[in-house]
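Visitor: I would like to learn how to read a structural model feature by feature, with the general idea given before each case.

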Amino acid sequence: MNDQPHGRPRSSDGKGGGKPYRRPKKDPVRILAFEALRAVDERDAYANLVLPPLLRKAREGGNFDGRDAALATELVYGTLRRQGTYDAIIAACIDRPLREVDPPVLDVLALGAHQLLGTRIPSHAAVSASVELARVVLGDGRARFVNAVLRKIAADDLDGWLEKVAPPYDEDAEDHLAIVHSHPRWVVSALWDALGGGRAGIEDLLEADNERPEVTLVARPGRSTTEELMAALGEEGALPGRWSPYAVRMAEGGEPGALDAVKDARAGVQDEGSQLVAVALANAPIEGRDERWLDGCAGPGGKAALLGALAAERGAALLASEKQPHRARLVERALAGNPGPYQVIAADGTRPPWREGSFDRVLMDVPCSGLGALRRRPEARWRRRPEDLEGFAPLQRGLLREALSAVRVGGVVGYATCSPHLAETRIVVEDVLKGRGGAPVEAEWIDVRPLMPGVAGLGEGPDVQLWPHLHGTDAMYLALLRRTA
């Protein structure tokens, strides 16, 4: 890189003609944030998995308090969410393509840009702290490069920069939205197609993707209650759920793992949209026997635990199947102590060990792009590519076909994804029902909307798409189908 220092380094006693050498100040908050970003970049890790152990280790060191943890969390998630915007601004401040800047340098620059443009940290403090971080993790030469770039960025605010780097909406609407709201252009296009409507709706959705989601708890019926959770959290620590009768929303900064009900698996952390999917399947009307339920893609276990509790109330048994053994162990942990009969197995849902027509209710929450959970996993938007959907397509169709085979005539299948992309939602269901790529399946749609009472904005049905900006949930999709032959 040409941002390396030239000539002889300055001497520590000042005799080299420059100022005396000063050791860089080690800021544990920003060093931790940098380490988290490097793990996300180098190991394809997810911030929600990397950050907690880093924070725990820092707290155990004794010089890291709750405010430090909150700032580190904001720096990591804020930088990842706004990466596309910050990359465009950084690119405007340097004389080379971004790909020619080493990734660790880009991480320090993005952290600095977020402090300058996305927080209330004073500009001089943001630049100074970022340069000190660069001296510690990159060296003095690259720190000078960081200093020069961040001083350029500090010359304007976010709105001013967006006017410079984003094309006008009227000239290129998708590219404008991609830069302003920090989403890849193809994701903007896909979300807009799924959402429909004009500019206001897509902008609201993209803005919601960049907001920190609430932590939502589920009180597993028969094992815990929302009243217990509310009492444990206190009046200022929680709010009732918006839609699910089993949901409690935690106040910012709460620690769900500290609750006895969560420790005992009587309650858990579960997005309200995920809860609604399980409850709608459990409440879908069927005739006759209602004794055997299947969760065919059960990992990591949130929906399975809720389904297991609901099944137990009716005397039904749940089989939770998960292909990956390590994820099957997570399902076992989530279901531990369930009062009703259940079994967890490691099995491939496309080559199932169960007989045709064995179950009364089947849930297939299929692997997908995860575009519905970008609030929780902001780095996913930068990792996914349009061609990824082609890889998911055969698996999604195969799992739905097997689900419809596994359920008895008159029984109900729920097809769910944490993605609003049309290629992963309604198109999959229509293809399977019409026999595209296989034999036609005899099944009829069930209108999901009456099974989500009180939830507004559910569209024309019969399937349902939830949205972060409309419902405060992940963008969960659910189609319910009744096998007819």
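The dialogue below takes up cysteines, strands, a helix, a serine and the nonpolar cores in turn.

Visitor: What should I know about the model and its numbering before I start?

Guide: This is a predicted model, in which local features need pLDDT of at least 70 and side-chain atom pairs count only at pLDDT 80 or more, while totals for chains, interfaces and linings use all residues. Residues are numbered from 1 along each chain as its sequence is written, and side-chain values use heavy atoms, with hydrogens and water left out.

Visitor: Where does UniProt place the feature "active site", and is that residue buried or exposed?

Guide: Such positions are given in the numbering used here with shortened feature names, and the annotations may be inferred rather than shown by experiment. The UniProt entry, which is unreviewed, puts "active site" at Cys 418, a residue in the loop between strand 9 (407-417) and helix 19 (426-434); helices (H or I, at least four residues) and strands (E, at least two) are DSSP runs, numbered from the N terminus. Buried means under 20% relative accessible area, exposed over 50%, and partly exposed in between, with a 1.4 Å probe and protein chains only. Cys 418 counts as buried because its relative accessibility is 15%. Beyond residues up to four places away in sequence, Cys 418 has contacts (heavy atoms within 4.5 Å) that include Asp 365, Cys 368, Asp 474 and Met 476.

Visitor: How many disulfides are there?

Guide: A disulfide is a pair of cysteine sulfur atoms within 2.5 Å, and by this rule the count is zero. The sulfur of Cys 368 has its closest cysteine sulfur in Cys 418, at 5.8 Å, which is too far for a bond. For Cys 297 the closest cysteine sulfur is that of Cys 368, and at 10 Å this too is too far for a bond. Cys 297 and Cys 368 are each buried, the former with a relative accessible area of 13% and the latter at 13% relative accessibility.

Visitor: Which strands pair with strand 8?

Guide: Two strands pair if DSSP finds at least two bridges between them. Strand 8 (residues 359-365) runs parallel to strand 5 (residues 292-295), joined by three bridges, and Asp 295 stands opposite Leu 363. Strand 8 also runs parallel to strand 9, joined by six bridges, with Phe 359 partnered by Val 407. Seven of the seven residues of strand 8 are buried.

Visitor: What do the buried residues of helix 10 pack against?

Guide: An α-helix has 3.6 residues a turn, so residues three or four places apart point the same way. In helix 10 (residues 185-195) the buried residues include Trp 186, Ala 190 and Ala 194, and the buried residues of this helix pack against helix 9 (173-180), helix 11 (199-209) and helix 18 (388-406). Helix 10 is followed by Gly 196, whose phi is positive, near 70°.

Visitor: Where does Ser 224 lie?

Guide: Ser 224 is in the loop between strand 1 (216-219) and helix 12 (226-233), and at 6% relative accessibility it counts as buried.

Visitor: How many residues does the largest nonpolar core have?

Guide: In soluble globular proteins, nonpolar side chains tend to be buried together. A nonpolar core is a set of buried Ala, Val, Leu, Ile, Met, Phe, Trp, Tyr and Cys residues joined through side-chain atoms within 4.5 Å. The largest has 56 residues, and Phe 64 and Val 76 are among those with the most contacts inside it. Helix 1 (residues 28-42) gives the most to this core, with nine residues. A second, separate core of 42 residues includes Ala 278 and Leu 451.
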